[in-house]
Amino acid sequence: MKKRVLVIGGGASGIVAAIIAARHGATVSILEHQDKIGKKLLLTGNGKCNLTNLRLGLSNYVTTNQEDKDFINHALNAYSPQQVISFFHSIGLRTTVLRDSYVYPETEASASVVSVLLRELQKLHVEILTNQHVSSLSKKDKRICIISNKQTFFADSVIVACGGKSYPKTGSDGSGFDILRHMHLQYVEPYPALTSLICNHKGCKILSGMRNQAGVSILDSKHSVIAGDQGQIQFTDYGISGIPVFQVSSKIYPYLLKHNHARLTDLTARIDLFPYEEEEKLFLQLDRQLNDYHSFSFEEALSGFLHKKWIQFFSSQYSLSNKTGKEIKKSTIKQLAHDMKNLDFPIKELKGFDFCQVTGGGLELSELNHNFELKRYPSVFVTGELLNITGDCGGYNLHWAFLSGMIAGEKAAD
Ligand SMILES: Cc1cc2nc3c(=O)[nH]c(=O)nc-3n(C[C@H](O)[C@H](O)[C@H](O)COP(=O)(O)OP(=O)(O)OC[C@H]3O[C@@H](n4cnc5c(N)ncnc54)[C@H](O)[C@@H]3O)c2cc1C
């Protein structure tokens, strides 16, 4: 007899799970509380949808629990980036690889990803029921009873793919956590990840709008490095943003959870404006430029060395605006070189769920077997961002959503 599979949530993970379950012979329905499925997918990769990444490994994922590493490794080995690409080829999507390893649809349009997924769901007769807000599920004899705002459903298997809390306007409003709570499942409180940092620095106003190829590190109160990355950093009127900042932001809450005496406001984001330059060499270059143009003002002498907003920033930090090159002491130039590589932005807050790209925390992976099935509720599967794992920027989160959906979809239909 055909199995009846219900998928709660029509996002990246739920849609793929539904397709795979239907391909394995199940009768499948998606219950989605928005008026459409795939809303978040449309926003991904700045509208281009970074599907996966050819360079993918355990180090691209963060969890708050070190013991989860085996589970994650097992899952990553079960579905490689190539298999995700093959899946998309099998539904008629041509793909391309940009910057060596980042996989996108060849159209570079997330709308084509959503459209091929919708076409496949239609081809496989997967039923899509929208405006169905699921609030709970429970076991009734051998079946699973699912309660939505509109009706009660029964199924042989259920895949909970409700996403996290980021970008709630797309539908992932955290209600998946209510379902987990209702089932008395263990989960780590959700926290914002891949997000910008709100900082306490009076220079933010001057620097707003700047973009620099720079390094960023997160330091604890003893100045030990918690995380670091390099790339284009954006300076805003509230703090810092950009992909390297997103990457390091994901490591902040896991650190705070591990060190429960530590507070977010003890942490500092350190910017290195010249990550490829030794401090001593930078000092010599600065010294030479200020000497070459010794009769010019600090701002004029450093023109061409740094963007004028940065010159203005350092000039105000060191009160140098009325000084000429020759009036600036060697010790000040040394300090300038040091600060250009060690510019501290004390962290005040992380940009929250309305702005972050993914949700950290989520269902403890120890609740699942390798099929993404709940050990305590056989035939109920949980996938995607609702789980306590966060990928780096670069296609790693969609990869996780797809792979968990693929594994759960197949097993749910068996
Ligand atoms: C702006 C932005 C850009 C991103 N770009 C990328 C990228 O390029 N590459 C990448 O790898 N990752 C990217 N991500 C992350 C990626 O989109 C997510 O990790 C991924 O979509 C998670 O998939 P999911 O299926 O678990 O959840 P979602 O895609 O969030 O889907 C969850 C679905 O469940 C529905 N739902 C929730 N609760 C209920 C309920 N109670 N009842 C019924 N339905 C419910 C929601 O409406 C939604 O449709 C991006 C995220 C954002 C916000």
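**Exercise 1. Work out how covered strand β17 is and which strands pair with β17.**

Step 1: Find β17 at residues 268–272; strands here are DSSP runs of E with at least two residues, numbered from the N terminus.

Step 2: Check burial. A residue is buried if 20 or more other C-beta atoms, placed from the backbone, lie within 10 Å of its own. Four of the five residues of β17 pass, so the strand is mostly covered.

Step 3: Look for partners, remembering that two strands pair if DSSP finds at least two bridges between them. Strand β14 (residues 211–219) pairs with β17 in the antiparallel sense, over five bridges. Strand β18 (residues 343–350) is also antiparallel to β17, with four bridges.

Step 4: Pick out Arg270 in β17. Opposite Arg270 stand Ser217 and Asp344 in β18.

A note on the model: it is predicted, so local features need pLDDT of at least 70 and side-chain atom pairs count only at pLDDT 80 or more, while totals for chains, interfaces and linings use all residues. Residues are numbered from 1 along each chain as its sequence is written.

**Exercise 2. Describe the shell around the ligand.**

Step 1: Count the residues that surround the ligand: there are 41, where near means a C-beta atom, placed from the backbone, within 6 Å. Gly9, Gly11, Gly163, Gly171 and Gly384 are the closest.

Step 2: With five residues, that is α2.

Key
Near = placed C-beta within 6 Å. Buried ≥ 20, exposed ≤ 12 C-beta atoms within 10 Å, placed from the backbone.
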